[in-house]
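Thanks for coming. I will go through one model this morning, residue by residue where that helps, and please hold questions until the end.

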Amino acid sequence: MNIKEWQQQVDNWIKEYGVRYFSELTNMAILTEEVGELSRYISRKYGEQSFKKEVSDIEIQSKIADELADIIFVTTCMANQMGIDIEEALHKNIKKKTTRDKERHISNKKL
């Protein structure tokens with residue numbers, strides 16, 4: 001599936017099951033919540049925090065994948081309702097990063 005097809009699939013899902021898009025502000029709050037959920041799993045898998053009960057690596061990986069997918073879904077909803085073509089935005093973004101950071105990381109002695 002390409003990005004345009006993904007945006008259309010999300011739009012179709014919203015119209016069929018979601019009734020309508022939530023407001024941009026509500027979606028921003030939902031996005032923040034989803035990023036927080038991802039942070040919880042990342043901090044416990046890769047940071048100093050631990051899980052309250054033992055969780056398998058497969059389960060953690062599945063939860064991280066699910067949270068990333070939630071983030072992409074909500075981000076797509078926001079793009080759709082604001083009339084943003086994600087594919088075009090991504091092309092512009094990589095071009096911007098390439099131009100701006102062409103030498104930045106290669107020259108960084110810390111890396």
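I start with Asp101, which is buried, at a relative accessible area of 12%. Buried here means under 20% relative accessible area, exposed means over 50%, and partly exposed is in between, with a 1.4 Å probe and protein chains only. Asp101 sits in the segment after H4. Its side chain and that of Arg100 are joined by a polar contact of 3.0 Å. A polar contact is a pair of N or O atoms within 3.5 Å; within protein, one must be able to donate a hydrogen and the other to accept it, and residues adjacent in sequence count only if both atoms are side-chain atoms.

Some bookkeeping. This is a predicted model, in which local features need pLDDT of at least 70 and side-chain atom pairs count only at pLDDT 80 or more, while totals for chains, interfaces and linings use all residues. Residues are numbered from 1 along each chain as its sequence is written, and side-chain values use heavy atoms, with hydrogens and water left out. Helices (H or I, at least four residues) and strands (E, at least two) are DSSP runs, numbered from the N terminus.

Now helix H1, residues 3-18. At its start, a side-chain oxygen of Asn2 comes to within 3.0 Å of the backbone nitrogen of Lys4. Which residues of H1 are buried? They are Gln7, Val10, Asp11 and Ile14. Viewed down the axis of H1, these buried residues fall within an arc of 100°, so they line one face of the helix. The arc is that of the directions from the helix axis to the C-beta atoms. Glu16 and Tyr17, on the other side of H1, are exposed.

What do the buried residues of H1 pack against? The partners are helix H3 (57-81) and helix H4 (86-100). Contact, throughout, means heavy atoms within 4.5 Å.

H1 and H3 pack at an angle of about 85°, and their axes are 10 Å apart. That makes H1 roughly perpendicular to H3. Axes are lines fitted to C-alpha atoms, for helices over the stretch in contact, and angles run from 0 to 180 degrees between N-to-C directions. Angles under 35 degrees count as roughly parallel, over 145 as roughly antiparallel, 65 to 115 as roughly perpendicular and the rest as oblique. On the H1 side the contact is made by Trp6, Gln7, Val10, Asp11, Trp13 and Ile14, and on the H3 side by Ile72, Phe73, Thr76, Cys77, Ala79 and Asn80. By class, this contact of H1 with H3 has eight nonpolar, three polar and one charged residues. For the classes, Ala, Val, Leu, Ile, Met, Phe, Trp, Tyr, Cys and Pro count as nonpolar, Asp, Glu, Lys and Arg as charged, and the others, Gly among them, as polar.

The other case is H4. The axes of H1 and H4 come within 8 Å and cross at roughly 140°. That makes H1 oblique to H4. Here Ile3, Lys4 and Gln7 of H1 meet Ile86, Glu87 and Leu90 of H4. The residues of the contact of H1 with H4 divide into three nonpolar, one polar and two charged.

Two residues of H3 next. Thr76 is in helix H3 and is buried, at 2% relative accessibility. A polar atom of the Thr76 side chain lies 2.7 Å from the backbone oxygen of Ile72. Leaving aside neighbours within four places in sequence, Thr76 is in contact with Trp6, Gln7, Val10 and Ile86.

Ile71 is also found in helix H3, and counts as buried at 16% relative accessibility. Not counting residues up to four places away in sequence, Ile71 touches Leu31, Glu34, Val35 and Leu38. Ile71 and Leu38 are 33 residues apart along the chain, and their C-alpha atoms are separated by 8.8 Å.

Last, the loop between H1 and H2, where Val19 is found. Phi of Val19 is near 70°, a positive value in a residue other than glycine. Is Val19 buried or exposed? At 72% relative accessibility, Val19 counts as exposed. Arg20 is placed in the loop between H1 and helix H2 (24-46), and is exposed, with a relative accessible area of 55%.
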